[in-house]
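Please open the structure in a viewer and keep the selection panel at hand.

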Amino acid sequence: MSEYILQLNQLGMNDLAKVGGKNASLGEMITHLSDLGVSVPGGFATTSQAFIDFLKQTGLDEKINTKLNELDVDDVKALAKAGKKIRGWVMDTPFQAELEEAIRQAFAQMEEEIGANASVAVRSSATAEDLPDASFAGQQETFLNVTGVDNVLAKVHEVYASLYNDRAISYRVHQGFDHHDVHLSAGIQLMIRSDLASSGVMFSIDTESGFEDVVFITSSYGLGEMVVQGAVNPDEFYVYKPNIEKKLPAILRRNLGSKHIEMVYCDSKDVVTQNVEDDRSQVFSITDEEVTELAKQAIIIEKHYQRPMDIEWAKDGVTGKLYIVQARPETVKSQDKNTQTIERYQISKSGNVICEGRSIGQKIGSGVAKVIDSIAQMDEVQAGDVLVTDMTDPDWEPIMKRASAIVTNRGGRTCHAAIIARELGIPAIVGCGDATTKIANGIDVTVSCSEGDTGFVYEEIIDFEIIKTNLDNMPEAPLKIMMNVGNPDRAFDFARLPHKGIGLARLEFIINRMIGIHPKVLLNYDEQPEDIKKIVNPMIKAYGDPINYYIKRLAEGMATLGAAFAPETVIVRLSDFKSNEYANLIGGKQYEPFEENPMIGFRGASRYIDPSFQECFELECKALKYIRDEMGLTNIWAMVPFVRTLEEGKKVIEIMKKFGLTQGENGLKIIMMCELPSNALMADEFLDIFDGFSIGSNDLTQLTLGLDRDSGLVANLFDERNPAVKKLLAMAIYNCKKRGKYIGICGQGPSDHPDLAQWLMVQGIDSVSLNPDTVVETWLALAKTKNKQA
């Protein structure tokens with residue numbers, strides 16, 4: 001049309017210098033990916049030459065450069081003053097006539113194609129943004145629901161001025177870009193009516209661990225600015241890429257966000273935020289089918305660009321169609337070059353938790369809490385302080401750089417605060433809801449993101465340790481070294497360690513952490529008192545019905561573990577709650593007996609075969625059957641705990657078959673916890689029933705020595721290396737080897753005592769399953785022992 005305007009469908013990544021990273025990427029996807037199923041709204045872009053000529057026409061470029069060259073960007077007051085002055089200069093400078101006319105003509109053509117009064121987004125696109133090593137995300141302005149050419153011109157003018165926002169000036173300096181080398185393009189793009197539906201952000205990589213086999217998707221109601229800004233706590237979904245390729249169910253996990261507000265169109269102004277009623281906020285904002293479709297598009301985009309991508313999407317509430325509205329390289333985890341060194345933060349103790357939210361990263365930070373309401377208080381935040389606020393936006397970046405940690409009331413894992421914390425390499429906890437009221441200004445706090453998906457703010461300075469593990473030149477392990485992992489939150493992170501799978505995944509950990517409700521409450525939901533229903537209703541509503549909630553949440557926990565460690569074996573131990581532990585679940589007290597010694601009471605196999613618990617056990621079996629038979633995660637085995645007698649073992653196998661889990665079918669192995677003296681003494685007979693043993697050294701030790709491991713009075717006698725215990729261990733290993741069946745150990749012993757691990761290796765055990773923090777150390781020690789023996 002002119003040297004000042006280019007249509008998006010004329011553009012590609014080779015045009016980055018002409019129209020900036022964002023517009024070049026939109027054009028690239030329209031040109032190359034539309035036929036593959038990626039939908040991108042059309043539009044046009046002003047060129048960088050238009051911006052250059054705009055600044056030159058009155059000598060404004062030299063005036064701006066002089067002002068910026070004399071600026072110290074770390075002086076936040078001086079930065080704010082200079083930025084305001086420069087933006088004023090830009091707004092006071094009219095467009096050159098050729099540029100204004102070109103925009104008017106392009107917009108008129110756009111209206112001819114899509115109809116008069118078309119609503120558009122006016123987006124900034126800098127020539128140095130959306131690069132693989134520097135995103136510039138959110139540095140310049142975006143305007144939504146803009147109608148009429150005069151309003152479009154006004155917003156383009158504001159986009160130009162936004163190149164000199166305080167945060168944009170500061171970011172360029174800290175990223176090493178010269179101001180005069182960065183130019184701006186404005187993208188005018190058809191608006192998707194997500195104000196009537198949903199929108200969000202997705203990454204083609206897990207943003208916390210760098211795990212590459214998932215797409216991480218966030219979603220909330222209304223326009224996407226609420227998710228990007230961190231104004232809402234969105235829904236979250238993890239989608240397993242290999243299953244997308246195989247056309248199998250692929251959603252590993254769902255996390256329901258609170259989604260209390262949404263941004264929608266408004267007659268009196270462009271957009272407005274409004275509250276979301278409970279009936280909508282308590283269900284997911286997109287369907288499973290839409291999650292899967294988004295993941296497919298993310299995979300296509302990632303394959304095309306050949307790198308992990310950060311993608312914004314929107315659903316049109318009129319047509320129901322899903323669109324990609326931005327795509328840029330992911331610039332944190334994909335740029336982590338130090339992949340052979342794993343750094344783990346370990347807190348020395350638990351303290352008084354003031355508040356909690358979504359953890360960003362896995363680090364720990366501490367300092368004086370500074371509760372800040374607005375950037376007008378930026379001088380109060382000193383280097384090393386913990387920044388506590390409602391939410392952040394790019395204007396906060398100069399003070400975020402000073403913080404040792406960040407805590408916000410609002411936001412999810414793709415919000416502004418989360419993105420900047422990752423870039424800065426500091427811990428952040430977002431979406432706390434009440435951080436600014438719970439945390440007192442000026443107190444010492446510790447911010448821990450090292451304990452899983454939930455981050456905790458502790459009311460004191462707590463010591464912590466940084467454990468660095470170098471994975472370079474790991475020797476070959478002399479046996480299978482597996483891990484004990486019960487927390488799906490940490491699965492992707494732990495899978496980075498060298499491993500041969502999971503030797504113990506405790507189902508009760510998933511029940512306690514991801515469900516929290518006694519299964520009988522859900523099976524008999526209509527009979528529950530109102531106080532129980534009031535607690536449970538918001539938890540289960542998104543899953544349709546109470547029983548589906550229990551099965552799906554169990555399946556999500558197991559599937560996350562299975563996918564993270566695939567194709568290696570993941571051994572899931574079926575539920576082994578004691579009666580007192582089941583009683584502590586919501587509604588549990590009404591269903592559980594009181595036992596004097598629940599450790600040796602109604603637990604494990606005895607529960608599964610008891611008529612009063614069988615329907616609860618059926619839910620576990622259904623969940624396991626779904627992830628193995630429907631999702632194809634056949635690397636997951638089942639393990640039965642606390643089998644006292646041969647008769648119990650046979651009955652459990654029969655019941656599991658009745659509930660759809662047939663031993664040997666689709667490769668299903670059912671093994672047994674060898675944790676009672678009777679199991680080792682009658683190992684040969686038990687192996688007629690089960691496919692192998694995993695030794696539970698904790699229970700085996702206490703039952704062999706006749707002591708309560710929780711009693712401080714006799715704790716000094718508890719030692720898995722006791723000769724009587726070792727004699728039983730040797731019997732179990734011998735019989736499994738003789739029968740050619742699996743034999744491993746998943747108890748605490750090998751993690752605590754490297755010499756026990758070495759003894760087990762000599763006995764011929766197939767695998768040892770260790771706590772993640774001892775894997776590398778034990779691996780190296782066993783390899784060294786094997787070499788000495790050789």
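Is Asp489 buried or exposed? Asp489 is buried, since its relative accessible area is 14%; buried means under 20% relative accessible area, exposed over 50%, and partly exposed in between, with a 1.4 Å probe and protein chains only. This is a predicted model, in which local features need pLDDT of at least 70 and side-chain atom pairs count only at pLDDT 80 or more, while totals for chains, interfaces and linings use all residues. Residues are numbered from 1 along each chain as its sequence is written, and side-chain values use heavy atoms, with hydrogens and water left out.

**Stop 1: Asp489 and its partner**

Arg513 and Asp489 form a salt bridge, their closest N and O atoms being 2.9 Å apart; a salt bridge is a side-chain nitrogen of Lys or Arg within 4 Å of a carboxyl oxygen of Asp or Glu. The pair links distant parts of the chain, 24 residues apart: Arg513 is in helix α16 (residues 507-515), and Asp489 is in the loop between β23 (480-484) and α15 (491-494). Helices (H or I, at least four residues) and strands (E, at least two) are DSSP runs, numbered from the N terminus. Arg513 counts as partly exposed because its relative accessibility is 35%.

**Stop 2**

The structure holds 45 salt bridges. Select Arg254 and Glu556, whose side chains meet in one of them (2.7 Å, N to O). Arg254 lies in strand β9 (residues 251-255) and Glu556 in helix α19 (residues 546-565), so this pair ties together parts that are 302 residues apart in sequence. Both Arg254 and Glu556 are buried.

Next, select Asp719 and Arg721, which form a salt bridge with the closest N and O atoms 3.0 Å apart. Asp719 is partly exposed at 23% relative accessibility, and Arg721 is partly exposed at 30%.

**Stop 3: Phe492**

Phe492 is in helix α15 and counts as buried, with 6% relative accessibility. Which residues does Phe492 touch, not counting those up to four places away in sequence? They are Asp206, Ser209, Phe211, Val214, Tyr238, Leu252, Thr560 and Ala564, where contact means heavy atoms within 4.5 Å.

**Stop 4: a helix pair**

Select helix α5 (residues 97-114) and helix α6 (residues 149-161), which pack at an angle of about 130° with their axes 10 Å apart. Axes are lines fitted to C-alpha atoms, for helices over the stretch in contact, and angles run from 0 to 180 degrees between N-to-C directions. The two helices are therefore oblique to each other; angles under 35 degrees count as roughly parallel, over 145 as roughly antiparallel, 65 to 115 as roughly perpendicular and the rest as oblique. On the α5 side, show Leu99, Glu100, Ile103, Arg104 and Phe107; these meet Val149, Asp150, Val152, Leu153, Val156 and Tyr160 in α6.

**Stop 5: backbone details**

Select Ala566 and Pro567, joined by a cis peptide bond with omega about 5°. Pro567 is in the loop between α19 and β25 (570-573).

Then move to Lys247, which has a positive phi of about 60° although it is not a glycine. Lys247 lies in the loop between α9 (241-246) and β9 and is exposed, at 76% relative accessibility.

Finish at Phe642, another residue other than glycine with a positive phi, near 50°. Phe642 is in the loop between β26 (636-640) and α23 (646-658) and counts as buried at 2% relative accessibility.
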